[in-house]
Amino acid sequence: MRFDFLSEQEVEQVHQATLAILKQIGIHTTSPRFKSLLLNSGCLEQGDRIVFPAEVVEKALSTAPKEFKVYGRDDSRVLEFGKSKAYTQTCVGTPSVMDLDSGEKRDVQLKDLEDYVRLADALEFIDVVSPIFPRDVPQEVIVSAETVAMLRNTTKPLRICAESSHEMKYIVEILAAVVGGKEVLMDRPLAYIEVSPLSPLEYGFDPAEALMDIVEAGLPLGVIPCPMMGSTGPMTLIGCVAQHNAEILAGVVASQLLKPGSPVIMSPRVTFMDMRSGVGLWAMPEMGMAAAASIQLARYYGIPSTATGYSGTSKLADAQSGYEHLYNALMPALIGTDVLAAAGSLDNVLTSCFAMLVMDNELSSVVQRTIKGTEVSEEKLAVDVIAEVIETHENFLAHKHTRKYLRAGELWNPPLSDRQTFEKWAVKGEKIEEKARLKAKELLASHQVEPLSAEVDAELKQILQRAQEHAQHGGGVIQKT
Amino acid sequence: MSREEILTGLTEAVIEGDDGLVVELTQKAADAGIEPLVIINEALTKGIRIVGQYFGSGQYFLPDLLLGAKAMDAGVKLLEPLLLGTSREFYGKVLMGTVQGDLHEIGKNIVGMMLKTSGFEVIDLGVDVPASKFIDKIKELKPNVIGISALLTTTIGRQKEIIEVLTEEGLRDQVKIMIGGAPINQAWAEKIGADGYAEDAITAVEVCKKLVASA
């Protein structure tokens with residue numbers, strides 16, 4: 001199965017525009033370490049910017065691996081990047097959550113993060129876990145604390161977002177403690193870590209430093225800037241995609257200059273803005289269309305990718321959320337992305353919702369089913385079966401071919417949707433969002449996660465403590481002038 | 001061109017967001033001997049007020065508003081050297097900045113521009129602004145309101161820090177504090193003791209007006 005959003009010639013045009021942006025405009029960075037990496041490896045200084053000659057870009061693209069794996073602490077939960085499987089990832093960093101009982105929006109607490117991760121662990125079609133943003137943990141070690149909470153509540157692979165560089169050391173220690181050492185972690189990364197440079201084309205101190213730390217630790221790196229059409233990128237969809245592609249490639253190139261062959265992921269997020277209120281929108285159709293275009297570029301380079309995914313502007317787990325999420329997820333999935341992010345999100349990825357996560361589990365199931373396509377073979381074309389049924393004046397129900405392929409999963413089995421007859425449905429008259437909410441409650445009441453060993457758990461506690469002590473002694477304050 | 005024609009043309013140029021034409025006509029107006037404050041009040045400010053009305057009625061969008069403000073600024077800048085001894089009247093003085101460790105500024109810039117077009121004097125400290133700089137500038141410029149912006153979940157704690165330092169320095173009562181940013185909400189504003197919060201740029205102007213009026 002192969003879908004295209006752009007023609008081959010159009011892909012080439014966007015690629016050439018990308019090279020022109022990198023060569024003529026380049027990036028700016030406030031990290032001296034990042035700057036010297038680029039300048040020592042063929043990039044050039046042009047005023048206060050760093051520009052990328054085309055041959056430097058092309059060479060880096062040739063060393064970036066086409067495939068690699070990210071592991072859960074449970075061996076069976078593996079992400080195979082580069083195989084376009086459209087794994088589903090929970091939304092990162094939402095400051096709010098919809099309370100499961102009252103349905104009210106409120107600040108995320110550590111308990112919510114733990115519950116949310118455990119629900120994600122229970123849901124069959126949620127493949128990658130990322131943290132929502134709790135307010136009641138020490139903010140100077142927030143990412144470390146989130147990582148520990150996730151490891152305690154899921155055995156699935158993690159996706160971490162490094163918004164600052166000062167915690168990287170501890171995050172790596174935490175992951176290494178769980179997997180059995182830093183060497184093992186390189187072979188069996190428990191997480192991929194993403195950095196978000198600023199649009200347009202700005203590699204600030206934190207993302208630039210974190211990028212280098214991640215590559216040096218041997219963990220897969222994701223590059224995830226987030227421009228908005230018409231405010232931090234051009235108004236035109238394809239112009240914004242080109243600028244965005246250049247900002248992402250700058251990070252990809254840096255990773256390959258630092259360590260050729262190191263695993264790297266392109267994570268395009270072209271968003272747009274409500275041109276009346278200034279509110280950032282993660283809505284359809286622009287988001288899905290831009291993701292499709294960007295993912296096609298990643299496919300052209302043969303570099304693994306992620307996209308959003310399960311996002312929209314609706315404030316509730318409702319019909320609007322359902323159609324927005326499905327549209328935005330299916331578009332990049334059809335082009336061939338590896339991960340679709342933001343599952344369970346509402347309100348432009350600012351709020352997480354347990355019921356929505358259950359609904360997105362359903363959407364993930366149907367998206368993953370869709371991109372598997374359908375095998376065309378003599379057996380499946382079933383010409384002789386049709387002939388037999390006609391000859392015998394029977395129907396297909398009583399044919400073994402039917403039973404065989406029903407058992408083989410020819411029909412999608414919805415984890416959530418209601419397919420009863422009207423009268424059976426009318427007994428309860430339940431709406432899908434209410435059914436999803438109840439399912440979330442049930443799963444949270446029953447689902448147990450394989451715990452970490454007591455030794456590892458104690459070690460994580462110690463690492464967190466050290467991180468906090470270090471932060472309190474000024475190590476957590478990013479000193480720069 | 002008559003005096004009337006020049007001023008009408010200038011108003012329309014602001015409404016169109018045509019900065020080139022605004023510069024040309026402002027020069028023409030000055031050359032014709034029209035008082036700088038008259039040019040500002042009867043043409044440039046009038047133009048931006050109409051831009052604001054069009055925005056309010058849904059006919060104009062943010063780019064129209066920003067281009068209108070940019071065009072007005074181009075005219076004002078040209079007249080500033082001639083304004084010596086006279087001063088413009090503002091609704092209030094607002095000091096804005098994005099907190100330390102955060103480089104996100106588009107939201108702050110939109111709010112700043114909206115405040116400018118609504119008649120506030122806006123001083124923008126830029127991005128990655130440490131608490132100490134906010135404090136120094138408050139002492140120096142004595143604003144009515146400060147606007148503290150943060151986008152990252154890892155940097156919103158800096159808003160709290162700035163308010164704490166202000167309190168320690170005994171300056172808390174001298175200035176109203178507004179906070180903003182995608183992860184910010186009313187509950188956070190109340191928790192850290194900010195005076196105002198708005199979820200978008202339009203509401204920010206209303207909140208800012210209320211804060212100035214209540215001071």
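A: **Sheet and setting in chain A**

Chain B has a mean pLDDT of 92, with 99% of its residues at 70 or above; pLDDT is the predictor's confidence in each residue, from 0 to 100. The model is predicted, and local features need pLDDT of at least 70, side-chain atom pairs count only at pLDDT 80 or more, and totals for chains, interfaces and linings use all residues. Residues are numbered from 1 along each chain as its sequence is written, while chains are lettered from A and ligands numbered from 1 in the order in which they are written. For the complex, the predictor reports an ipTM of 0.84 and a pTM of 0.92.

Chain A contains 18 helices and 20 strands; these are DSSP runs numbered from the N terminus, helices being H or I of at least four residues and strands E of at least two. The radius of gyration of chain A, taken over C-alpha atoms, is 23 Å, close to the 23 Å of the globule rule for 481 residues, so chain A is as compact as a globular protein of that length. That rule is 2.2 Å times the number of residues to the power 0.38. The C-alpha trace of chain A extends about 80 × 55 × 50 Å along its principal axes. Of the 481 residues in chain A, 52% are buried, meaning that 20 or more other C-beta atoms, placed from the backbone, lie within 10 Å of the residue's own.

The sheet in question is open, has three strands in the order 6-18-17 of chain A, and is paired in parallel; two strands pair if DSSP finds at least two bridges between them. Strand 6 (87–90) and strand 17 (306–307) of chain A are the edges, each with a single partner strand, so one side of each has no neighbour in the sheet. Strand 6 of chain A runs parallel to strand 18 (residues 339–343) of chain A, and three bridges join them. Along this pairing, A:Y87 faces A:V339 of strand 18, and A:T90 faces A:A343 of strand 18. Strand 6 of chain A is covered on both faces: A:Y87 and A:Q89 are buried on one side, A:T88 and A:T90 on the other.

Strand 15 (residues 271–273) and strand 16 of chain A are antiparallel over two bridges, with A:F272 opposite A:L281.

A:V358 sits in helix 12 (residues 354–371) of chain A and is buried because 29 other C-beta atoms lie within 10 Å. Leaving out residues up to four places away in sequence, A:V358 touches A:L123, A:L416, A:A436, A:K439 and A:A440; contact means C-beta atoms, placed from the backbone, within 7 Å. A:V358 and A:V128 are 230 residues apart in sequence and 14 Å apart in space, C-alpha to C-alpha. Among contacts in chain A between residues at least 6 apart in sequence, 75% join residues at least 24 apart.

Technical notes:
Buried ≥ 20, exposed ≤ 12 C-beta atoms within 10 Å, placed from the backbone. Contact = placed C-beta atoms within 7 Å.
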